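Me: I've got a structure open and I'd like to know what the labels on it really rest on. Can we go through them one by one?

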Amino acid sequence: MSETFTLVIFGITSNLAQKYIIQALYDMEEKGALPQKMTIIGNARRKLTDSEFKTYIKEALDKENLHHQHEIKKETVQNLLKKMHYLDGNLDDPAYYDRLKEFLDKIAHSSKGRDDRIYYLATYPDLYKSVFENLSREGLTDEKEGFVRLMIEKPLGHDFKSAKQINKLMAKYFKESQIYRMDHYLGKETLQSILTFRFGNGLFEPLINKDYVDHIQITASEDFGIGSRGGYYDTIGALKDVGQNHQMQMLAFATMDAPDEFSNEAVTKQRISIIKSLQAHPEEVVFGQYKGYTKEENVAHDSKTDTFYAFKASLKNERFNEVPIYVRAGKMLEQTVTEISIIFKTPHNRLFKDLNRGMEPNVLIYRIQPNEGIVVRFLSKKPGSVELEENFLQYCYRLDASVHSHLFPDPYEKLILDAIQGDQTFFADAEEIEASWKFVDGLTGTKKNPIIYEPGSWGPEEADELIQKDGREWLIPSNAFCNIPLLTR
Ligand SMILES: NC(=O)c1ccc[n+]([C@@H]2O[C@H](COP(=O)([O-])OP(=O)(O)OC[C@H]3O[C@@H](n4cnc5c(N)ncnc54)[C@H](OP(=O)(O)O)[C@@H]3O)[C@@H](O)[C@H]2O)c1
């Protein structure tokens, strides 16, 4: 018996769809990873003829972007386009859902087998309520002939209260097992393999605890500004844009206890446990804003939005109690880099302590981007001298420039496939989202005006003082490892 699978993308013309979703669908088509009998329905308000819609998809694929840098094959595009349809309409208008139901019924009747369906919300959160209510009214949320799943994007809400409300709203129409909350960081190969590195080896894990670790640093910096995202960014700021989700996930993967098994329930339970035990003092938070931010497009001229933050935290658990965790992220900084560094304690009686660099700590670095890899920084003898030099034991994801797209799946590709296969391991659940907002609310509760910093710097000096007062320094992210050039078109 044949079965049908339909992906309905609300907001097919969104920036999100152009940059990520359409690119991921192309890659999946090329790899033969899409379900055999698949229909993709795209929705937006603008009127597009069938041929205009096809041109739009082709143009989106041809646009050069960071996430899709290999040759676009005409045949693959044609095969993908055969699956795609456009159904314009306003999501606030109940009549639209009659037409959607008619379309979906036709697909269901074309087969006697299962009729599986995913709704992907790539549109504005203020439309969610209308979408859920209308889908439900039309019976389109019922799992009668197959599964019905919902993919929903971050950020989910803007604080604990609003996140709880959205979770409650979704729970009215969908079971938790139907909801796939996207944070593309959870789909990153470089983040997922932290688990394999830690729990698939015996060598490192016994050292990652308060007895051996001096402190942890997490950096997510970008050397560019907000671009054309001003309208969105100015309402949310850096901490809510990446701190509540991406950096929280990075922290959880780097510090969580081993799950009992590799299952959604067990991995999510450990992530939640970390987020719930995370503590920070509002006095140990620094907010910054890059000079010139208020002149950006669609930004209020007197905006107090943070484009940088740094805070000190710790985990109230047995493994890491009292180990400081310094977290920073921002835009218009000196480098674009995302990494987690575990800085180990240095014994005072180290044999070569009197040599140059003799007391430098060993560091385990999970480099999420660029120069993706997992490396251990250590000191070695400089050949032909008695001096020490820095070296790296390194595992690099890129072997050469050409492997970019195929051995290194894009997070969206991985997560869409997971959702089709019903694997929620790398999606956030309701409790996790609410716990991370609770933590972030604690930091923003006493929010001060951001401190202006120079573009190209590492943020306000106060962020340096935050760590220096503990006798430590921010690490300057190294380019000395996994330095394999990216493929560019
Ligand atoms: N962009 C990113 O990089 C990114 C990253 C992570 C998460 N997200 C999330 O993804 C979602 C979309 O963000 P975005 O920045 O990509 O938005 P966007 O570019 O502004 O796109 C919004 C989409 O919704 C459609 N739309 C708006 N009102 C509609 C209505 N009443 N009925 C039907 N369609 C409507 C728009 O098409 P029409 O105007 O033609 O109707 C468009 O396709 C948001 O939840 C955002 O938080 C975005």
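Reply: Buried means 20 or more other C-beta atoms within 10 Å of a residue's own, with C-beta atoms placed from the backbone. This is a predicted model, where local features need pLDDT of at least 70, side-chain atom pairs count only at pLDDT 80 or more, and totals for chains, interfaces and linings use all residues. Numbering runs from 1 along each chain as its sequence is written.

Me: What makes Tyr-309 stand out in the largest nonpolar core?

Reply: That core has 120 residues, and Tyr-309 is among those with the most contacts inside it, along with Ile-9, Ile-21 and Tyr-120. The core draws at least three residues from each of domain 1 (4-153) and domain 2 (186-468); those bounds come from an automatic or database domain assignment.

Me: Which residues does Tyr-309 touch?

Reply: Leaving out residues up to four places away in sequence, Tyr-309 touches Ala-238, Leu-239, Gly-243, Val-285, Val-286, Phe-287, Arg-328, Ala-329 and Gly-330. Each counts because its C-beta atom, placed from the backbone, lies within 7 Å of that of Tyr-309.

Me: How far apart are the C-alpha centres of domain 1 and domain 2?

Reply: They lie 33 Å apart. The contact takes 15 residues from domain 1 and 10 residues from domain 2.

Conventions: Core = buried A, V, L, I, M, F, W, Y, C linked by C-beta atoms within 7 Å. Buried ≥ 20, exposed ≤ 12 C-beta atoms within 10 Å, placed from the backbone. Contact = placed C-beta atoms within 7 Å.
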